[in-house]
Amino acid sequence: MTRRPVALAPDDTVETAYRLFEREHFHHLPVVDGQRLVGVVSDRDVLRAVSPFLETGSERDRDRYTLRRALHMVMTRKVITASPQDTLAAAADRMIVARVGCLPVCEAERLVGIVTRSDLLKVLVAGR
């Protein structure tokens, strides 16, 4: 689990997430209101939300506008989560069943970490 993951607020822009994904090379961002988890946005969500003409020779003002949308407009609100007490096997099973790439880890509704497919694969490889 990654403790204290990078998180954004619901009113942050799609551009903020877009640039973070581009710079940091991760694929999921929890969305929090204060410390309370309210959603998750993935790099795929962001790519679906932005114009395909963005950063091309065909880019127009309306294409750049797609970056100014708020994250709450594109995030997943019904988030599958884990608790700090869950085992890795339970977390992996939950991810497989729900077909998700990450599980925000919460105590009550407060975000304390995140588990991703990559985290699970690292544990698997380290245990060889």
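Which residues of the largest nonpolar core touch the most other members?

**Entry 1: basis.** I worked from a predicted model, in which local features need pLDDT of at least 70, side-chain atom pairs count only at pLDDT 80 or more, and totals for chains, interfaces and linings use all residues. Residues are numbered from 1 along each chain as its sequence is written, and side-chain values use heavy atoms, with hydrogens and water left out.

**Entry 2: cores.** Of its 18 residues, Ala-17, Leu-29, Val-41, Val-46, Val-50 and Leu-71 touch the most other members. Two or more residues each come from helix 1 (14-24), strand 2 (28-33), strand 3 (36-42) and helix 2 (43-49); helices (H or I, at least four residues) and strands (E, at least two) are DSSP runs, numbered from the N terminus. Helix 1 contributes the most, five residues. I noted a second, separate core of eight residues, including Met-95 and Val-115.

**Entry 3: Ser-42.** I found Ser-42 in strand 3. Ser-42 counts as buried because its relative accessibility is 12%, and buried means under 20% relative accessible area (1.4 Å probe, protein chains only). Beyond neighbours within four places in sequence, Ser-42 is in contact with Phe-21, His-27 and His-28; contact means heavy atoms within 4.5 Å.

Definitions and conventions:
Core = buried A, V, L, I, M, F, W, Y, C linked by side-chain atoms within 4.5 Å. Buried < 20%, exposed > 50% of the residue type's maximum accessible area, 1.4 Å probe, protein only.
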